[in-house]
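My plan is to look things up in turn and write down what I find.

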Amino acid sequence: MRRSLLSALLALPLLAPSPGRADTCDALAQTIAQATGAKKPGRRTGPSIDVRTASGVTLNLTCRAQPIVQAASGDPSPSAAYFRDLTLASESVIGEPAAAIGPILTRAYETALREGRKSFIQQNGWSASCYTDSAGALRTLCSVGRIPTD
């Protein structure tokens with residue numbers, strides 16, 4: 001018992017984001033908060049930070065090898081604010097203009113809805129994916145991020 005507890009405690013620093021990555025992720029969360037009209041980013045939980053936008057959409061920024069931003073919706077059809085805020089946050093995460101991200105994100109959502117399965121679209125080193133479920137509490141989950149090259 002002692003040995004497994006000691007092993008678990010020694011592994012904790014490996015699970016935490018490195019200080020440099022944490023600082024970068026915190027700065028990115030702040031940029032997303034400003035872009036979406038949020039008062040401030042939420043607290044960090046492991047590699048993730050939630051940002052509640054001015055329109056009430058909750059975005060989740062996860063920083064690992066490459067940052068990913070996602071948003072969930074329990075609505076049968078997500079609002080225009082959902083897509084707008086996710087697109088604005090994605091612009092900060094992947095460095096592509098919102099005008100390029102929006103149509104790809106919309107296509108991923110429409111494909112997932114039509115085909116009843118997760119839709120994954122790759123574009124210029126980044127991807128947009130959406131999952132829809134007409135029966136569950138989580139009706140839509142979409143994410144955008146750079147595709148890791150390592």
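**Ground rules.** I am looking at a predicted model, where local features need pLDDT of at least 70, side-chain atom pairs count only at pLDDT 80 or more, and totals for chains, interfaces and linings use all residues. Residues are numbered from 1 along each chain as its sequence is written, and side-chain values use heavy atoms, with hydrogens and water left out.

**Entry: the parts list.** I looked up four helices and seven strands. Helices (H or I, at least four residues) and strands (E, at least two) are DSSP runs, numbered from the N terminus. Along the sequence I read the pattern α-α-β-β-β-β-α-α-β-β-β.

I then checked burial. Buried means under 20% relative accessible area, exposed means over 50%, and partly exposed lies in between (1.4 Å probe, protein chains only). Of the 150 residues, 38% count as buried.

I also looked at contacts, meaning heavy atoms within 4.5 Å. Among contacts with a separation of 6 or more, 41% come from residues 24 or more positions apart.

**Entry: the sheet.** In what order do the strands lie? I wrote down β1-β2-β3-β4-β7-β6-β5, an open sheet of seven strands with antiparallel pairing. The edges are β1 and β5 (119–123), each with a single partner strand, so one side of each has no neighbour in the sheet. Two strands pair if DSSP finds at least two bridges between them.

I went through some pairs. β1 and strand β2 (residues 48–52) are antiparallel over two bridges. There, threonine 45 has serine 48 in β2 as its bridge partner. Strand β3 (residues 58–63) and β4 run antiparallel, joined by five bridges. They form a hairpin with three residues between them. Cysteine 63 is paired with proline 67 in β4. Six bridges join β4 to strand β7 (residues 140–146), again antiparallel. Isoleucine 68 stands opposite glycine 145 in β7.

**Entry: two faces of β4.** Which side chains of strand β4 (residues 67–73) are buried? I noted Pro67, Val69, Ala71 and Ser73, which point to one face.

Entry: Helix α3 (residues 80–94) lies across β3, β4, β6 (126–132) and β7. Its direction is at about 175° to β4. Helix α4 (residues 98–115) packs on the sheet and touches β5, β6 and β7. I read about 35° between its direction and that of β6. Axes are lines fitted to C-alpha atoms, for helices over the stretch in contact, and angles run from 0 to 180 degrees between N-to-C directions.

**Entry: disulfides.** How many disulfides does a search of the whole structure find? I got two. A disulfide is a pair of cysteine sulfur atoms within 2.5 Å.

Cysteine 25 and cysteine 63 form one, with sulfur atoms 2.1 Å apart. Cysteine 25 lies in helix α2 and cysteine 63 in strand β3, so the pair ties together parts 38 residues apart in sequence. Cysteine 25 is buried at 1%, and cysteine 63 is buried at 8%.

Cysteine 130 and cysteine 142 form a disulfide too, with sulfur atoms 2.1 Å apart. This pair links strand β6 to strand β7, twelve residues apart. Both cysteine 130 and cysteine 142 are buried.

**Entry: salt bridges.** I counted four. A salt bridge is a side-chain nitrogen of Lys or Arg within 4 Å of a carboxyl oxygen of Asp or Glu.

Aspartate 26 meets arginine 44 at 2.9 Å, N to O. Aspartate 26 is in helix α2 (residues 19–36) and arginine 44 in strand β1 (residues 44–45), 18 residues apart. Arginine 84 bridges to aspartate 85, with the closest N and O atoms 3.5 Å apart. Arginine 84 is partly exposed at 44%, whereas aspartate 85 is buried at 2%. Glutamate 115 and arginine 117 meet at 2.5 Å, N to O.
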